[in-house]
Amino acid sequence: MAGHAARDTVLLMAGGRADRGGSTTLRGRRGECERLDRLLAGVRAGSSGVLVVRGEAGVGKSALLDYVVESAADLQVVRAAGVESEMELAFAALHQLCAPALDRLGRLPGPQRDALGTAFGLQAGAAPDRFLVGLAVLSLLSEAAGERPLVCVIDDAQWLDKASAQALAFVARRLAADAVLVLFAAREPGADLCGLPELVVEGLPEADARELLASVVRGPLDERVRQRIVAETRGNALALLELPRGLSQAELAAGFGLAEALPLPGRIEQSFLRRVESLPAETRLLLVVARLSRSATRRWYGARPAGSG
Ligand SMILES: Nc1ncnc2c1ncn2[C@@H]1O[C@H](COP(=O)(O)OP(=O)(O)OP(=O)(O)O)[C@@H](O)[C@H]1O
Ligand SMILES: [Mg+2]
């Protein structure tokens, strides 16, 4: 890990998100990576840790979580992510996180085992006591960490279902001498995660923002255009990567027509639109169906009686 702490750029694994094509160079996150490295060193040495990585959409939270996952190849890693369309489904995210450890359920004290078993639909029973569910998750993770230190990575925590958020916050507050590191990433953490240690992710420093922008512009880039993009994106990684796609070669090379251009958020939207428009008709239709079925799913679950999820 000493090597990680010393370098200011790292290579991230490909994958994770569809918009991350191939491996990505993580720029300008030395301080953030060092903080994450210290937490990883701690969990390797047997002490627990908790951190909420917080920042606006596209700023680079998931990229930092990917950095942790890649750096933790010698540890156990379990992942979960809040899903906007599953926010009404009690314990949905918790189930993602605990699934790999469920073979250990039998080692938990009876009441905890029953609470978690009922929460995950493994056994019949009335809605479980939330306190017992929290305790059960704590026991399960500690049990798993007894074998090898454990890193729990929870992305998009702003979309966690309430029951999962409560249980995970309960666990995060009670980890003691367990070799468990719990990392959340959230745009705006909900009330449950309030008060936990935070790493606020800001936009990239100007020099790094310029480099990231340069990495996606193939042809010449006018200095005024560069300055405007860097200033208006405020170092937001996604905006820096997406914006040039929405500008023509002429705009990039000479700033032609840029003064009358839309504000940048509108430009990013336009850039996505243009990419969608260039897709074959069948693919566009599929996107529309996927979008509609997502809203329908949300309405369907939203219409179910409270507690039935
Ligand atoms: N430091 C960085 N250097 C280079 N690329 C980066 C960096 N941070 C993020 N990126 C890239 O920028 C894009 C957006 O980053 P990311 O997905 O991590 O944002 P996010 O904060 O998780 O956004 P959201 O809130 O929407 O989940 C991704 O393509 C990612 O690979
Ligand atoms: Mg993300």
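Reader: Quick one: how do the residues of the shell around ligand 1 divide into nonpolar, polar and charged?

Author: Nine are nonpolar, seven polar and eight charged. Here Ala, Val, Leu, Ile, Met, Phe, Trp, Tyr, Cys and Pro count as nonpolar, Asp, Glu, Lys and Arg as charged, and the others, Gly among them, as polar. Mind that this is a predicted model, where local features need pLDDT of at least 70, side-chain atom pairs count only at pLDDT 80 or more, and totals for chains, interfaces and linings use all residues. Residues are numbered from 1 along each chain as its sequence is written, while chains are lettered from A and ligands numbered from 1 in the order written.

Reader: Which residues are the closest to ligand 1?

Author: Gly60, Lys61, Ser62, Ala63 and Ala237, out of 24 that surround it (C-beta atom, placed from the backbone, within 6 Å).

Reader: And which elements give two or more residues to that shell?

Author: β2 (24-26), α3 (61-71) and α10 (237-242). Helices (H or I, at least four residues) and strands (E, at least two) are DSSP runs, numbered from the N terminus.

Reader: Switching to the sheet: what's the strand order, and is the pairing parallel or antiparallel?

Author: The order is β4-β5-β6-β3-β7, an open sheet with parallel pairing (strands pair if DSSP finds at least two bridges between them).

Reader: Which strands stand at the edges?

Author: β4 (76-81) and β7 (198-200); each has a single partner strand, so one side of each is left without a neighbour in the sheet.

Reader: How many bridges join β4 to β5?

Author: Six, with β5 spanning residues 150-155. One bridge partner pair is Arg79 with Val153 in β5.
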